[in-house]
Amino acid sequence: MAAPKKYPDELRERAVRLYRESNPKPVIRRLAEQLGVHPEALQNWIRQDEADHGQRDDRPTTSEAEELRRLRNENAELKRANEILKAASASFASELDPTRRRP
């Protein structure tokens, strides 16, 4: 389960919109102070927004990150299911083959 978000989504969206619509671009540290957020958090939000709008290619978009998270969870679940099936298969095989030594 993911950790709770420190800042509401509305604040994130507003902060990024303020930065994006400002001309000239404000100093991130100063804008973060005005909004009451950590400057690194604001910088990350801006970078993610730029990735989502195709302005950066050094990080995945939000939808790509969500898909990757979903696929990793699905992969972990499939690995667990596979381990259970292997154990069940070995158990059934030992019951059906009386000549096989039991550990």
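Buried means under 20% relative accessible area, exposed means over 50%, and partly exposed lies in between, using a 1.4 Å probe and protein chains only. With that in hand, D58 at 54% relative accessibility counts as exposed. The structure is a predicted model, where local features need pLDDT of at least 70 and side-chain atom pairs count only at pLDDT 80 or more, while totals for chains, interfaces and linings use all residues. Residues are numbered from 1 along each chain as its sequence is written, and side-chain values use heavy atoms, with hydrogens and water left out. Helices here are DSSP runs (H or I, at least four residues), numbered from the N terminus, and strands would be E runs of at least two.

**Around helix α2**

- Let's start in the loop between α1 (9-21) and α2 (28-35), where P24 has its place.
- N23 and P24 are joined by a cis peptide bond, with omega about 5°.
- Most peptide bonds are trans, and most residues other than glycine have a negative phi.
- Within α2, the buried residues are I28, L31, A32 and L35.
- Looking down the axis of α2, you find these buried residues within an arc of 100°, so they line one face of the helix; the arc is that of the directions from the helix axis to the C-beta atoms.
- An α-helix has 3.6 residues a turn, so residues three or four places apart point the same way.
- The buried residues of α2 pack against α1 and α3 (39-52).
- On the other side of α2 you will find R29, R30, E33 and Q34, which are exposed.
- Just after α2 comes G36, with a positive phi of about 75°.

**Y19 in helix α1**

- Y19 lies in helix α1, and it counts as buried because its relative accessibility is 16%.
- Contact means heavy atoms within 4.5 Å.
- Leaving aside neighbours within four places in sequence, Y19 is in contact with K25, P26, I28, L31 and I46.

**D49 in helix α3**

- D49 is found in helix α3 and counts as buried, at 14% relative accessibility.
- Apart from neighbours within four places in sequence, D49 is in contact with V16 and R20.

**The loop between α3 and α4 (62-96)**

- D58 is found in this loop, between α3 and α4.
- A polar contact is a pair of N or O atoms within 3.5 Å; within protein, one must be able to donate a hydrogen and the other to accept it, and residues adjacent in sequence count only if both atoms are side-chain atoms.
- The side chain of D58 makes such a contact with the side chain of R56, at 2.8 Å.
- D58 and R47 are eleven residues apart in sequence, and their C-alpha atoms are 9.4 Å apart in space.
- T61 is also found in the loop between α3 and α4, but T61 is buried, with a relative accessible area of 18%.
- The side chains of T61 and S63 are joined by a polar contact of 3.2 Å.
- Setting aside neighbours within four places in sequence, T61 is in contact with Q48, A51 and D52.

**N73 in helix α4**

- N73 is found in helix α4 and counts as exposed, at 51% relative accessibility.
- N73 and Q55 are 18 residues apart along the chain, and their C-alpha atoms are separated by 29 Å.

**The largest pocket**

- On a 1 Å grid over the protein atoms alone, a pocket is an open set of points with protein on both sides within 12 Å along at least five of seven lines, and lining residues have an atom within 4 Å of a point.
- The lining of the largest pocket has 17 residues, and R12, W45, Q48, D52 and T62 lie nearest its centre.
- Helices α1, α3 and α4 each supply at least two residues of this lining.

Note on methods. 1 Å grid on protein atoms, 1.4 Å probe; cavity = no way out; pocket = protein on both sides within 12 Å on 5 of 7 lines; lining within 4 Å.
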